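Hi everyone, thanks for coming. I'd like to walk you through one structure today, starting with a helix packing and ending with a pocket.

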Amino acid sequence: MDFETYRRELLAHCYRMLGTPDEAEDVVQETYLRAWRAYDRFEGRASVRSWLYRIATNACLTALEQRGRRPMPSGLGGPAADPDAPPVPAEPADVWPRPIPDSLITSDEDDPAEIAVARDGVRLALIAGLQLLPPRQRAVLILREVLAFPAAEVAEMLGTSVAAVKSTLQRARATLHDAPEVNPLTEPEQRELLDRYMSAFMNSDLAALESVLRDEAVIEPLPSRSWFAGKRTCVAFLRHVMGEPGEWHMTPTRANGQLAAATWYRGEPFGLAVLTLGKGGIARITVFGFPDLVERFAGTR
């Protein structure tokens, strides 16, 4: 049996559940080990794909029992009121979601429609929202809303009733607030915005950066607990981090189905900025200030 056919979509599923690609890859490996060991008992009452999702989902639930949630800073409280105040540092117990390279969940050989669906399923707004849900609510929402498994099949996967699945889904929907609509752009329009963002930073041009932000723009700079909402507040915060021309260097890449910039500061790896783009400019800049991400994302387009 060729389980490898399902590796990319299982990785995306485990990433939605767990919030980090490294953990997701570990659970996919565990899923395959469990599947090989149990294959002689597979009775074929469900498809192999459904069976693998059942194993993967329950492996994720087991992993989640051993740790807490991974909310983004915006899931911990409201935006910072004073952009001139020092950002609130992360607490020792804080563990953040991590971005995932598009190359892990899509392939150049995939159908363009399949690529679009895969990218939509890992966008940062969705991943951030999922981390706010209890594990079983998270599983039900993903299986029903993202993957469109029938309620009866989800009940079979999770060892529960259809009524329980429907009730759990209602609670998950009530908790998960939909992200604001961001009107889609063409690929050239997105690339232009990314280029303007990178050029503004590398040239330390605050006015140019302000010109690409939407009025309701948000900046979320991890690992700080502070985040900023509204163009005026974001620009005031950015004034403190822009530095001198040439201090920042960026190259384009992709993460979570979105355009991003791998970033260096004064020649040293800094992290990854993932952009949420729409009509009128940049709606959200999520900065993952983790230097190890630069090597992982630099050079991937």
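Before we look at the packing, one term: a crossing is called right-handed if the near helix is turned clockwise from the far one by less than a right angle, and left-handed if anticlockwise. Please also keep in mind that this is a predicted model.

So, which hand does the crossing of helix 2 and helix 3 have? It is right-handed. Helix 2, residues 21-38, packs on helix 3 at an angle of about 125 degrees, and their axes are 9 Å apart. Angles of 65 to 115 degrees would count as roughly perpendicular and those over 145 as roughly antiparallel, so helix 2 is oblique to helix 3.

Who makes the contact? On the helix 2 side you'll find Val27, Thr31, Arg34, Ala35 and Ala38. Helix 3 answers with Trp51, Leu52, Ile55, Ala56, Ala59 and Cys60. By class, nine residues of this contact are nonpolar, one is polar and one is charged.

Now to the second largest pocket, with a volume of about 460 Å³. Its lining has 20 residues, and those nearest the centre are Glu9, Arg16, Glu114, Val117 and Ala118.

Which helix supplies the largest share of that lining? That would be helix 4, with six residues. At least two residues each come from helix 1 (7-18), helix 3 (48-65), helix 4 (112-120) and helix 6 (135-146).

As for the classes, the pocket lining has nine nonpolar, eight charged and three polar residues. Thanks, and I'm happy to discuss!

Definitions and conventions
Residues numbered from 1 in each chain as written. Predicted model: local features only at pLDDT ≥ 70, side-chain atom pairs only at ≥ 80, totals over all residues. Heavy atoms only, no water. 1 Å grid on protein atoms, 1.4 Å probe; cavity = no way out; pocket = protein on both sides within 12 Å on 5 of 7 lines; lining within 4 Å. Points joined across faces, edges and corners; volume = space filled by probe spheres on them. Helix = DSSP H or I, 4+ residues; strand = E, 2+ residues; numbered from the N terminus. Nonpolar A, V, L, I, M, F, W, Y, C, P; charged D, E, K, R; others polar. Axes fitted to C-alpha atoms, helices over the stretch in contact; angles between N-to-C directions. Parallel < 35°, antiparallel > 145°, perpendicular 65-115°, else oblique. Contact = heavy atoms within 4.5 Å.
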